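I opened the model to take notes chain by chain. The entries below follow the order in which I looked things up.

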Amino acid sequence: MSLYLTGTFAAKETAIHAIKQLKASGYGPTDLTVFSDEPVEFPRGLLDQPSHMSLAVVSGAAIFFLLVVGFVYFTQYNYPLVTGGMPIFSFWSTGVVFYEMTMLGAILTTLGWFIWESGLLRRDKTIPVPAIQAEAICLRIRCAPEQYEDAASILKQSGAQNVAKLEKAA
Amino acid sequence: MAHATIPYQQVRNDLWRPLAGASKHYTLTLALLSAVALWGLIAWGYQIHVGIGVAGIQRPVFWGFYLVDFVFWIGISHAGTLISAILRLTDADWRKPVTRAAEAITVFALMIGGLFPLIHLGRAWLFYWLFPYPNSRLLWPNYRSPLMWDVTAISTYLTGSVIFLYLPLIPDVAQLAERATGWRLRIYKWLALGWTGSDREWHALERAMKLMAGIILAVAVSVHSVVAWDFSMAIAPMWHSTIFAPYFVVGAIFSGLAGLIVALIIIRRALHLERYLLPHHFQNLAKLLLLMSLLWLYFTFAENLTVWYGNEPKEMNVFGARLRGRFAPEFWLMVFVNFVVPFVLLGIRRLRSITTATIASVGVLLGMWLERYLIIVPTLSLPRLTSAWGRYSPSWVEISITAATFAAMAALYLVFAKLFPIVSIWEFEPHAPEDE
Amino acid sequence: MSPEHRWGMAIDLDRCTGCQACVAACHAENNLQVSDPASAAKGRAIHWIRVDRYYEGEFPEIRVKYRPVLCQQCDEAPCEPVCPVYATYHNDEGLNVQVYNRCVGTRYCGNNCPYSVRFFNWFDPVWAEPLQLQHNPDVSIREGGVMEKCTFCIQRISRAKDEARTDHRVLSDGEIQPACVQSCPAEAMTFGDLNNPESKVSQLAESGRATQLLEDLGTKPKVFYLERVK
């Protein structure tokens, strides 16, 4: 049964210090979550989790490309009508449509992957979330009950304010 | 560079204040704009009921005001793409207070522009035939037609722009949801998707924004090229020009920038955002406008020089009508407001100010509308066979609908500014008012 | 599958007197809208075939040239690829067909036709009494919002083909005459099958006098204008 505790930092540097200490104590990126009302730039590799968004977007675009080429090919030949002596299906006369639908694939994949990767909509409602603090960085640690004291002391040593157990808000 | 910052809470107070309540000015303006928009809607209904003949178009000028408006509004939509995407990709920090206003212009301009392919149809109630769906006639749309390219391009761009506007809105909406009540609370909560501000969410958002910026830029360039190809692909004299695609893209960015400047000036005054939309923002935008003006002049010159030098008789008829004949007043007015005025007012540093940027931008909006008119109408008025030469003058229906689109744009914007902070709070880096 | 017929027309500009009987006949045959002076002044009159007049010289040494212009049924028609809904396409007898039911009225085809032979129905048509009694039942009435143009009297072509098939015989040359061809008092117009080398229109098309309108555009029109000899 995990516990959640939080500490609030006024500056990025103290938060980084605390995170480094906690990582040295064995906490991984999934145990540590930082909450803020503006994006905080941490040094590379501190809390990073691998992201496959670029690959996903390119794949999504490629899939849409194949779908639209197949679709246009099918529809043009399904009821072939000669117009202006042009070939029934050619890349040049419908290339724009291929391009736009490929980009649409990229766009929709970006949105979908963002929602997936951010964890929005999938959030486990039983895990408590601190309120977004004004101009502060809030660090939430998930730990076992016996590790609570150690974690709390690391936070306090790094200069955190309001170190406390986090209960789920009503 | 150290600067005194505007206090955190002050920023939020200033940017959230417009969202609460509605002043008399606001309500009156919104009512007036809605009335004009409604009149346009009535005019459109009349047109559908009686027939498209109530518009001033005739053979051979089969396309008139509606197509001019269509190209114009799609052009305006490039405001957001330029400011948001290009400046995002180049990491230009000064763009930050301006991005949401620009992205909102894009979405609304696209929605309005996208109406015109509907409005100009002879049998508008059958517009859905342009979409592929299995039907009893076993027919599919003709994807070889530039108009179908338009449909796909604008659908894609609209989807992308809405998403591009929405994504950076999420953190702001989440903050608003904490303080809202009633119907607003429901909207904000729904839009916030449960945003908590965790680092995972922020990373995903920033990654998505970076990707979207690149994608939307690629789409925007293609969209206005496709709109240009509606004309280029035709063999009508002075339409069948290879320069149209980049010409239109440049013109779109040009007009979009002018539209953005006008919108920002109004927002700054109406919402008392003088400390957020600083003179140096307008200086930068004005310099960009000047640059686009020079670029526009370059393309216009190249286009007209090649036509004149080539001396092809059918094209020279149109060329002569534009520069010396019956369209000359519009043509030279266009050159004046698109080049001369911005060059003087924005090129001379002492004259460059918020006021002159406004004057130049309004002029550019007029000039770019005229440019679309001068591309469409002269060519169609003077086709290859002289027996078919004709004229065009707009009817009250076309004028009403055109005016209604401007009113609708402003009204949509007013509503947007009441629901969401027009300056992106989480992206905004506070500057002291003295900063230049 | 090679097409059985390929319809074409030859117009002898030496014989054409500019009388416009063809224009009137086309109106009668194809249920064309009648314009009032106001709409004609607005450029909304519909004439599927029109006679273009060109004047040369000053009075009294004026020469007038007449050229009847109708849809050229181009083999590489610029109007066809731009229609988003396939309301106009090329059928296998070489005709540029206009499908009224399918047209949504984008009017792109009208813009792209270099001969300006396409016409639009701006309103639902209204005929002053008793002209509505004169309608040809073989030709549909087009509602407002639909594009139209010369069809080479496709209703006459279809009827002749049906009759030939019923009678188990082959169509003979000159059996099909569109209304304009039939009505020309100077017999300046010839219609027939370009696939048949013996037909009169094929022979005229091969003659040294045959030219095409705006030939350099590469639209491959199927109306051959026989140049004036004098």
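Ground rules, noted before going on. This is a predicted model: local features need pLDDT of at least 70, side-chain atom pairs count only at pLDDT 80 or more, and totals for chains, interfaces and linings use all residues. Residues are numbered from 1 along each chain as its sequence is written, and chains are lettered from A and ligands numbered from 1 in the order in which they are written.

**Chain A**

I checked the extent next. The C-alpha trace spans about 80 × 30 × 30 Å along its principal axes. The domain assignment (automatic or from a database) gives domain 1 as 3–47 + 127–165 and domain 2 as 53–118. Their C-alpha centres lie 45 Å apart.

I then read off the elements. Chain A has 4 helices and 4 strands, in the pattern β-α-β-α-α-β-α-β along the sequence. These are DSSP runs numbered from the N terminus: helices are H or I with at least four residues, strands E with at least two.

Buried residues make up 34% of the 170 in chain A. Buried means 20 or more other C-beta atoms within 10 Å of the residue's own, with C-beta atoms placed from the backbone.

**Chain B, helix α12**

I looked at α12 (residues 279–310) of chain B. The helix has 32 residues and reaches 46 Å from first C-alpha to last, close to the 46 Å expected at 1.5 Å a residue. The expected span is 1.5 Å times one less than the number of residues. Its buried residues include Phe282(B), Leu289(B) and Trp296(B). The buried residues of α12(B) pack against α11 (244–270), α14 (328–347) and α15 (354–381) of chain B. Just after α12(B), Asn311(B) takes a positive phi of about 55°.

**Chains B and C**

I listed the contact: 34 residues from chain B and 34 from chain C. Contact means C-beta atoms, placed from the backbone, within 7 Å. Helix α7 (residues 146–166) of chain B gives the most to the chain B side, with 3 residues.

**Chain C, sheet**

I traced an open sheet of 4 strands, order β8-β1-β10-β9, with mixed pairing. β8 (189–193) and β9 (210–211) of chain C are at the edges with a single partner strand each, so one side of each has no neighbour in the sheet. Pairing needs at least two DSSP bridges. β1 (residues 7–12) of chain C and β8(C) pair antiparallel over 5 bridges. Gly8(C) stands opposite Gly192(C) in β8(C).

Technical notes. Contact = placed C-beta atoms within 7 Å. Buried ≥ 20, exposed ≤ 12 C-beta atoms within 10 Å, placed from the backbone.
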